[in-house]
Amino acid sequence: MIEKQVLKNITVLYAEDESVIQEGITETLNLFGINVICVQNGQEGFTSFKASREKIDLILTDIKMPKLDGIGMIEKIREIDKDIPIIITTAHQETTFLMQSIELNISAYVLKPIDIYKLEDNLIKAIESKVLKEELIEKNKKLEIEIQKNEEKQRIIETQSRFAAMGEMISMIAHQWRQPLASIGTASFNLKYKLLTEKFNLDSKEGREEQASFFSKKLDEIEFYVQNLTTTIDDFKNFFKTDKIVSNTIIERPINNTLKILEKDLKANNIELTLDFKSQNQINIYENEITHVFINILKNAQDKFLEKDIENAKIEIKTQDFEDGVKIEIYDNGGGIKEEDLDVIFEPYFSTKKEKNGTGIGLYMSKIIVEKNHQGKLFAKNTKDGISFFIILHSMI
Ligand SMILES: Nc1ncnc2c1ncn2[C@@H]1O[C@H](COP(=O)(O)OP(=O)(O)OP(=O)(O)O)[C@@H](O)[C@H]1O
Ligand SMILES: [Mg+2]
């Protein structure tokens with residue numbers, strides 16, 4: 001009973017030239033709840049199919065009919081519809097057409113005289129498979145739309161994360177450029193100042209030599225800082241790559257590179273620097289990236305001294321071997337950080353120097369370099385008059 005439900009309200013195009021048979025079968029089909037469009041030959045059948053194609057769910061047809069026979073009609077219908085289920089009603093002696101109609105995708109053959117239960121059974125099977133097929137097509141369509149949506153989402157996510165990485169890279173470069181740019185500014189200001197105030201006696205040979213040596217020294221400095229700007233671009237261009245070049249070095253080397261960049265500034269601000277290098281271990285690191293970490297930490301100490309106007313400003317850098325790696329401590333007596341801020345100073349955009357254009361990415365960047373790119377540790381502890389930053393690095397493979 002439940003199965004019969006599938007026949008309710010479907011529409012069948014029924015081609016049969018013998019009116020007695022047609023009437024009888026149509027009556028039975030109506031009892032099943034089926035709407036029937038009756039035609040008397042293949043030609044009429046094809047015309048009706050074209051006219052009501054949207055409505056028709058199944059075709060039931062006789063073979064032998066005038067004008068155009070059943071097979072001729074099916075051939076024409078199949079040219080425009082490959083899927084509509086077709087059931088053929090046929091007499092025994094007509095079975096010769098069977099082979100010919102294999103290609104026509106016929107759902108079933110019902111022998112005449114028509115056994116109404118067999119017909120019902122075949123109608124149900126044909127309609128059920130049509131419904132299943134349509135559901136499948138519908139599901140596939142939905143799936144395709146979902147897949148397309150997902151691909152689109154994926155593309156957006158990828159583009160966004162590329163932009164985010166690019167933005168991060170640019171802000172890191174900008175951050176690390178501030179120091180050398182300021183130093184270039186100072187050097188060129190010094191040159192201009194000496195020229196404008198006519199500091200050199202150009203009438204004497206010594207004066208001219210003095211000027212030449214001063215200029216050459218300042219231009220060397222500018223060249224050094226320009227070189228540093230260029231290297232910084234390369235350092236951060238490769239920042240998110242995994243195939244960067246590692247250097248085998250003792251930790252003293254990147255520290256000395258840092259001091260070369262910051263020395264003048266530290267001196268100009270009367271900051272006393274104590275170095276205690278005990279580490280001997282050679283380690284594999286991305287040396288330039290580690291240099292950026294030292295620059296950031298030392299710059300922060302200097303910022304603090306200037307902010308607090310500290311008199312006897314002191315920075316101590318200590319290194320010692322630690323397991324197969326090295327531990328570095330950078331201490332300053334600038335007064336340290338509020339205890340509750342200790343946890344957040346490594347977060348991006350946390351800065352207590354907003355009015356002085358602090359971006360708050362210096363320590364965030366340093367943390368990524370040490371902990372993500374080197375699998376090391378970077379943390380800070382307040383001391384009685386300042387703060388110590390600790391860096392632990394192990395040799396990378
Ligand atoms: N040596 C230090 N002494 C005291 N506070 C510090 C020290 N180093 C960092 N901090 C605190 O940590 C915050 C975050 O430092 P970070 O280097 O990430 O950003 P920033 O220095 O504020 O900005 P930018 O690096 O762009 O100048 C600082 O604003 C400061 O409050
Ligand atoms: Mg900083």
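Me: In which hand, left or right, does α5 pass α8?

Reply: This is a predicted model, where local features need pLDDT of at least 70 and side-chain atom pairs count only at pLDDT 80 or more, while totals for chains, interfaces and linings use all residues. Residues are numbered from 1 along each chain as its sequence is written, chains are lettered from A and ligands numbered from 1 in the order in which they are written, and side-chain values use heavy atoms, without hydrogens or water. A crossing is left-handed if the near helix is turned anticlockwise from the far one by less than a right angle, and right-handed if clockwise. For α5 and α8, the crossing is left-handed.

Me: How are α5 and α8 oriented, roughly parallel or roughly perpendicular?

Reply: The helices are DSSP runs of H or I with at least four residues, and strands are E runs of at least two, numbered from the N terminus. The axes of α5 (residues 116–196) and α8 (residues 287–308) come within 11 Å and cross at roughly 65°. Angles under 35 degrees count as roughly parallel, over 145 as roughly antiparallel, 65 to 115 as roughly perpendicular and the rest as oblique. The pair is therefore roughly perpendicular.

Me: Which residues of α8 does α5 meet?

Reply: Contact means heavy atoms within 4.5 Å. From α5, H175, Q176 and Q179 take part, and their partners in α8 are H292, I295, N296 and K299.

Me: How many polar residues does the contact of α5 with α8 have?

Reply: Ala, Val, Leu, Ile, Met, Phe, Trp, Tyr, Cys and Pro count as nonpolar, Asp, Glu, Lys and Arg as charged, and the others, Gly among them, as polar. In the contact of α5 with α8, one residue is nonpolar and one is charged, while the polar residues number five.

Me: What does the packing angle make α2 relative to α3, roughly parallel or oblique?

Reply: Helix α2 (residues 42–51) packs on helix α3 (residues 70–80) with the axes 9 Å apart and an angle of about 20°. That angle makes the pair roughly parallel.

Me: Which residues of α3 meet α2?

Reply: α2 passes α3 in a right-handed crossing. On the α2 side the residues are G42, G45, F46, F49 and K50, and on the α3 side they are M73, K76, I77 and I80.

Me: How far does N300 lie from an oxygen atom of ligand 1?

Reply: Ligand 1 is surrounded by 21 residues, the closest being H175, S351, T352, K353 and T359; a residue is near if one of its heavy atoms lies within 4 Å. A backbone N or O atom of G362 lies 3.4 Å from an oxygen atom of ligand 1. For N300, a polar side-chain atom lies from such an oxygen atom at 2.8 Å.

Me: Where is P113 found?

Reply: K112 and P113 are joined by a cis peptide bond, with omega of about -5°. P113 is in the loop between β5 (108–111) and α5.

Conventions. Axes are lines fitted to C-alpha atoms, for helices over the stretch in contact, and angles run from 0 to 180 degrees between N-to-C directions. A polar contact is a pair of N or O atoms within 3.5 Å; within protein, one must be able to donate a hydrogen and the other to accept it, and residues adjacent in sequence count only if both atoms are side-chain atoms.
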